[in-house]
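Have a look at the structure first, then read on.

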Amino acid sequence: MFDFIIWIVMIVIGATLLITPADQLLQKFPKMPSTTAAKIIGGIILVVGIVILVVQILSWMGKL
């Protein structure tokens with residue numbers, strides 16, 4: 001159950017990095033070197049979180 005919560009948190013953090021405008025990211029994290037890199041990392045975190053969540057749900061259902 002704890003893993004499930006961690007994956008949800010990963011998805012939320014990734015989506016937050018993708019949705020937040022660049023100027024707000026710079027205000028929150030002033031030492032961030034590049035907002036483009038933050039958006040790319042957010043997208044990777046989002047995709048990995050969703051894939052792991054889907055695989056876990058399929059394994060719980062016995063389909064995997």
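Among what covers the buried residues of α3 are α1 and α2. Bear in mind that this is a predicted model: local features need pLDDT of at least 70, side-chain atom pairs count only at pLDDT 80 or more, and totals for chains, interfaces and linings use all residues. Residues are numbered from 1 along each chain as its sequence is written, and side-chain values use heavy atoms, with hydrogens and water left out.

**Helix α3**
- Helices here are DSSP runs (H or I, at least four residues), numbered from the N terminus.
- α3 takes in residues 35–61.
- Its buried residues (under 20% relative accessible area, 1.4 Å probe, protein chains only) are Thr35, Ala38, Gly42, Gly43, Leu46, Gly49 and Leu53.

**Helix α1**
- Trp7, Ile11, Gly14 and Leu17 are the buried residues of α1.
- They sit on the same side of α1 because they cover an arc of only 130° around the axis (taken from the directions from the helix axis to the C-beta atoms).
- These buried residues of α1 pack against α2 and α3.

**Thr20**
- You'll find Thr20 in the loop between α1 (2–19) and α2 (22–28).
- Thr20 is buried, at 9% relative accessible area.
- Skipping neighbours within four places in sequence, Thr20 is in contact (heavy atoms within 4.5 Å) with Leu25 and Lys39.

Methods
Helix = DSSP H or I, 4+ residues; strand = E, 2+ residues; numbered from the N terminus. Buried < 20%, exposed > 50% of the residue type's maximum accessible area, 1.4 Å probe, protein only. Expected span 1.5 Å × (residues − 1).
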